[in-house]
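Subject: Structure handover

Hello,

Here is the structure for you to look through. My notes follow below it.

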Amino acid sequence: MNIPFRKDAKFCSFFSYSKTFLAIFIALLLSVPTLVSAQDSTAAAAGAAAPAGGGDAAKGETLFKNNCAQCHAVTDERVVGPGLKGASGRHDFAWLSKWVRNSQAVIASGDPYAVKIYNEYSKAQMTSFPNLSDDDIKGIFAYVDQAATAAPAAAAPAGGATAAAGGDAKGGAPSDLFVIVLVALVVVMVLVLGVLLVIVSLLSKAVKGETAEASESDFMTRFGNTLKKISVDPAIRSATLWIFVLLVLKATLDGAYSVGVQQGYAPKQPISFSHKLHAGEYKIDCNYCHTGVNRGKSAHIPSANICMNCHGVIKKESPEIQKIYTSIENNQPIEWVRVHNLPDLAYFNHAQHVNVGGVECQNCHGEVEKMEVIQQRSSLTMGWCIDCHRKTEVNTKDNQYYDKLVQLHASESNEALKVADIGGLECSKCHY
Ligand code: HEC
Ligand code: HEC
Ligand code: HEC
Ligand code: HEC
Ligand code: HEC
Ligand code: HEC
């Protein structure tokens, strides 16, 4: 064995360890901006190449994905309708805008091209989009042109993006949280580095035998000897240090994620069901689908049969609607991804809040009627529940149950009866 090396290993190791940790530290510091920008890059990619052909391609992308993507590809590929690559070259804008708003009218007007593709696509009717403005339509084709040119090159990144989206659905940690976690990590790493430097320097001192205190007691000598043995063996030393670092890392990550809760969580759903369309534009009442809100604890997610009340007739040909049919035929429920989820230790009841309390859905869930994809807007932490119970007055109107309580409360206090006053802060009300 290389004893000569060991001789001055005390001093060397001190430096080599600090170097290792310095390297880790710097690597971490460097990775912060990269990781953060990696998170943003998906959003940036959508926005980056906005100005193409006079339309807002970023806005166009959203419109395209929400309205056209189920029937059209941006390439030459045929889906339900023809691939849209080059469509803006084939037609002038006037034709395109007329077509998108009402393709049947263009066909009926006898436009030869329209009649030709209509027949070519076995008279499949394209949906009309009368609400799209000229700018919207320009945006859509700006996006199509851009995506069509980018398509071959973008093939690989596109795969990456879906993987990222998949990861998102699972973890659901918003990018803010990610930054916090990373910053926390760096701070912890600095602390660990400091502690380790102290330990290492103490250990090297101990090896040098500079510790006069070692003779203080039997225990201390034995302890010192063991330390010496351990500290002399670099393999054991580095292994311990690494285990320590990894444990701290893991603990920090775990901690940070449970603190971060799931605010902002908006997983991709198996069917691109839009609340904006159903609850917003078509003003379907929340209770129509979430039948439990007035009656019980759970709001309920509607079964496929409720969808069929309308989709037995409406838009049967859409591939997204076909998924509802498949689910019913196979007798398998649609596997919606759950968004809001309290831990089992907490009890929450919808009817208590919606029916008795008169609290609007939007107070807790945000403007659902504007969401294309459902998103958790509130933190759902204990602090959030309690905060509202402190601030909110009880809805005592037309509720005889509260008459006596209100009288009693009024005789003791000038303030209105709050949820906190009727036991809304008692542990047992929310915890089994
Ligand atoms: C329900 C399926 C469906 C949807 C949704 C749909 N289309 Fe179409 N589209 C078709 C079909 C089918 C055709 C072929 C003509 C026909 O059969 O009417 C077509 C034809 C076209 C054409 C002519 C293509 C060419 O090669 O000249 C354009 C342009 C077009 N659609 C644009 C759009 C845009 C933009 C949207 C979204 C705002 C959209 N479509 C949404 C089904 C659809
Ligand atoms: C046409 C039926 C329908 C209507 C109307 C409707 N929803 Fe939904 N809602 C669904 C479906 C289906 C899901 C599950 C899929 C999803 O998350 O998008 C859902 C999911 C939700 C969720 C998330 C559930 C979870 O997993 O945590 C909330 C919150 C919600 N809806 C609130 C509302 C509110 C508030 C309204 C009224 C403004 C409303 N919904 C109207 C069908 C409907
Ligand atoms: C009260 C009627 C009603 C109910 C119930 C309903 N929808 Fe719809 N849905 C509509 C209408 C109206 C449209 C818009 C159709 C159009 O664009 O022409 C629509 C559109 C859709 C679309 C977009 C289809 C496309 O290709 O553009 C999807 C997806 C959809 N609904 C899914 C569902 C699901 C899933 C359920 C059950 C949870 C459901 N709907 C329940 C009325 C309803
Ligand atoms: C006081 C706050 C609050 C109000 C008001 C409220 N919700 Fe919720 N909602 C929650 C919480 C908290 C959860 C999570 C419950 C759980 O995980 O047990 C939830 C979950 C849901 C879910 C998922 C399924 C379930 O029941 O767990 C749906 C759907 C839903 N809410 C719809 C609605 C609708 C529709 C309304 C209005 C009629 C509404 N909520 C009003 C707080 C609220
Ligand atoms: C937007 C305000 C708001 C939020 C957020 C809220 N609550 Fe409430 N809560 C109320 C109101 C208002 C009442 C009173 C209802 C009534 O009149 O009985 C209430 C009553 C209750 C009660 C019954 C209390 C009693 O003494 O009868 C329980 C239990 C409860 N809430 C649990 C929760 C839990 C758990 C959460 C968080 C997941 C939560 N609440 C979040 C407004 C809120
Ligand atoms: C208004 C409802 C409400 C009341 C009152 C309430 N809690 Fe909670 N508590 C919750 C909810 C909701 C959670 C879950 C929140 C989360 O996951 O962050 C929770 C979580 C907890 C947790 C677990 C924390 C964790 O990190 O997982 C403990 C412990 C707890 N509560 C203790 C108490 C005690 C003790 C009281 C009485 C002084 C109390 N709670 C009163 C709603 C309530």
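For the residue classes used here, Ala, Val, Leu, Ile, Met, Phe, Trp, Tyr, Cys and Pro count as nonpolar, Asp, Glu, Lys and Arg as charged, and the others, Gly among them, as polar. Please keep in mind that this is a predicted model.

Ligand 4 comes first. By those classes, its shell holds eleven nonpolar residues, eight polar and no charged. The shell has 19 residues, and Cys286, Ser298, Ala299, Cys361 and Cys364 come nearest to ligand 4. Two elements, α16 (350-356) and α17, each give two or more residues to this shell. The biggest share is from α17, with four residues.

Next, ligand 2. It is surrounded by 21 residues. Closest to ligand 2 are Cys286, Cys289, Val339, His340 and Cys361. Here α12 (275-281), α13 (286-289) and α17 (361-365) give two or more residues to the shell. By class, the shell around ligand 2 has 13 nonpolar residues, six polar and two charged.

Note that Cys286 and Cys361 are listed among the closest residues for ligand 2 and among the nearest for ligand 4.

Last, Asp135. Asp135 sits in helix α8 (residues 134-171). Is Asp135 buried or partly exposed? Asp135 counts as partly exposed, because it has 13 C-beta neighbours inside 10 Å, and buried would take 20 or more. Beyond its neighbours within four places in sequence, Asp135 is in contact with Gly55 and Asp56. Lys59 is 76 residues away from Asp135 along the chain, yet their C-alpha atoms are separated by 9.5 Å.

Best wishes

Conventions
Residues are numbered from 1 along each chain as its sequence is written. Chains are lettered from A and ligands numbered from 1 in the order in which they are written. This is a predicted model: local features need pLDDT of at least 70, side-chain atom pairs count only at pLDDT 80 or more; totals for chains, interfaces and linings use all residues. A residue is near a molecule or strand if its C-beta atom, placed from the backbone, lies within 6 Å of it. A residue is buried if 20 or more other C-beta atoms lie within 10 Å of its own, exposed if 12 or fewer, and partly exposed in between; C-beta atoms are placed from the backbone. Two residues are in contact if their C-beta atoms, placed from the backbone, lie within 7 Å.
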